[in-house]
Structure formats: C-alpha cells, structure tokens
Amino acid sequence: MLMIVLRFAHVFFGALWVGMMVMGTFFVGPAVEEVGPDGGKFMAALQRRRIMTIMPLFALITLVSGMWLFGRLAGGNMSALLATPMGLAFALGGAAALIAFVIGIAVMRPAMIRAQQLAQSGAPGTGPEIQRLRARGNLLGRLVGVLLLFALAGMAVARYL
Ligand code: HEM
C-alpha cells in the first residue's frame with residue numbers, strides 16, 4: 001500500500017511539476033516578456049492563484065517521494081543499485097530534478113517575486129529593473145525546464161536500460 005501511495009504521489013505530482021514548469025518557461029514567460037509592461041497584470045493574476053506556492057509544493061512532494069522510492073529500491077545497498085544502468089538513470093534524473101528545485105527556489109522564484117512587487121508598487125522608473133528581473137527569471141526558468149526534461153527522460157526509460 002505504501003508503495004502505491006508513494007508511486008501515485010511521485011508520478012502524479014512529478015507530471016504536474018514538469019508540465020507546469022515547461023508551460024511557464026517556454027511559452028508563458030517569453031509571451032509575457034514580449035507583451036512588455038502589460039504582462040505585469042497577467043503575472044499578478046497568475047500570482048493571485050498562488051502559482052509560486054503551489055509549484056514548489058508539487059516539487060517537494062515529487063522529490064521526497066522520489067528519494068523514498070529510491071531508498072526502497074536500493075533496499076539498503078545503494079552502491080549495488082548505482083552500479084546498474086537502471087539505478088544510475090534514476091539517480092541522475094533525480095539529481096537533475098534536485099538541482100532544478102534548488103535553482104528554482106533560491107534564484108528564480110525571488111527574481112520573479114521581486115519583479116512582481118516592483119510592478120505592483122507602480123513606482124516610476126522601475127520599468128527597466130522589472131524587465132531585467134523578468135529576463136533573468138526566464139533565463140533561469142529555461143535552465144530549470146531543461147533539467148526537469150532531462151529528469152523526466154531518465155525516469156521514463158530507467159527501468160528498461
Ligand atoms: C522531475 C521530477 C520527476 C519526475 C517527473 C519523475 C517521474 C517518474 C516516473 C514517471 C516514474 C515511473 C517510472 C517507471 O516506473 O518506469 C518514476 C519513478 C521513480 N523515480 Fe522519479 N521523477 C522525478 C524525480 C525523481 C527524484 C528527485 C527521484 C529521487 C532519486 C526519483 C526517483 C524515482 C525512483 C526511485 C523511481 C522508481 C520507483 C519504483 O521503484 O517503482 N524521481 N519517476
């Protein structure tokens with residue numbers, strides 16, 4: 001039963017995390033950047049739906065359940081699991097997801113939130129700073145997106161390597 005709960009949580013929230021991130025990074029972000037100052041209204045509406053809280057929560061569930069599953073798969077012998085192509089693929093994919101999470105939380109999220117706060121303050125002369133923060137957030141977002149796609153690819157094929 002625990003295995004079913006763990007796998008459900010892992011695959012379900014992992015799919016949502018990657019899907020939301022890829023959508024946001026490769027489609028929504030560049031579109032908002034292209035629109036310019038008006039994009040701020042859209043970002044504010046998105047933020048009111050707590051996207052910056054929901055996504056890290058999905059990510060955390062995926063990471064914790066993934067590490068738990070990895071521990072159970074290893075059954076106390078981590079080096080033996082890592083010596084198999086399957087174990088290595090789960091580990092490398094997992095590491096990519098972990099790095100993506102750290103970049104997302106430590107660098108990307110603060111830049112996006114700061115840009116939002118500046119846009120809402122309506123203070124004059126903050127336009128270039130907002131654009132700079134958004135461009136930075138989008139660039140980091142692309143890196144996070146690529147890392148998550150790598151993790152997804154590893155997870156997808158690991159069992160058959
Ligand atoms: C982007 C984030 C992630 C996504 C989308 C994801 C997705 C998946 C999917 C779809 C599976 C099912 C594969 C199969 O049964 O053939 C899986 C299994 C697994 N994942 Fe992840 N995963 C992610 C992150 C992680 C992390 C951070 C770890 C930690 C090491 C991890 C460890 C595992 C393990 C060990 C399994 C096998 C579970 C079992 O024994 O049935 N995953 N993952």
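## The end of α5

Just after α5, G122 adopts a positive phi of about 65°. This value, like the others here, comes from a predicted model.

## Helix α5

Helix α5 covers residues 85-121. It contains 37 residues and reaches 52 Å from its first C-alpha to its last. That span is close to the 54 Å expected at 1.5 Å a residue.

## Overall fold

The protein chain has six helices and zero strands. In sequence order the pattern is α-α-α-α-α-α. Along its principal axes, the C-alpha trace of the protein chain spans about 60 × 25 × 20 Å.

## Contact between α2 and α5

Helix α2 is formed by residues 39-48, and its axis and that of α5 come within 10 Å. The two axes cross at roughly 115°, and the crossing is left-handed.

On the α2 side, the contact involves G40, M43, A44 and Q47. On the α5 side, Q116, A119 and Q120 take part. By class, the contact of α2 with α5 is made up of three nonpolar and four polar residues, with no charged ones.

An α-helix has 3.6 residues a turn, so residues three or four places apart point the same way. The α2 residues G40, M43, A44 and Q47 are listed as meeting α5.

## Surroundings of the ligand

The ligand is surrounded by 23 residues. The closest are G14, G66, F70, G94 and M155. The elements that give two or more residues to this shell are α1 (2-35), α3 (51-74), α5 (85-121) and α6 (127-157). Among these, α3 gives the most, with seven residues.

In the shell around the ligand, 15 residues are nonpolar, six are polar and two are charged.

Definitions and conventions. Residues are numbered from 1 along each chain as its sequence is written. This is a predicted model: local features need pLDDT of at least 70, side-chain atom pairs count only at pLDDT 80 or more; totals for chains, interfaces and linings use all residues. A residue is near a molecule or strand if its C-beta atom, placed from the backbone, lies within 6 Å of it. Helices (H or I, at least four residues) and strands (E, at least two) are DSSP runs, numbered from the N terminus. Ala, Val, Leu, Ile, Met, Phe, Trp, Tyr, Cys and Pro count as nonpolar, Asp, Glu, Lys and Arg as charged, and the others, Gly among them, as polar. Axes are lines fitted to C-alpha atoms, for helices over the stretch in contact, and angles run from 0 to 180 degrees between N-to-C directions. A crossing is left-handed if the near helix is turned anticlockwise from the far one by less than a right angle, and right-handed if clockwise. Two residues are in contact if their C-beta atoms, placed from the backbone, lie within 7 Å. The expected span of a helix is 1.5 Å times one less than its number of residues.
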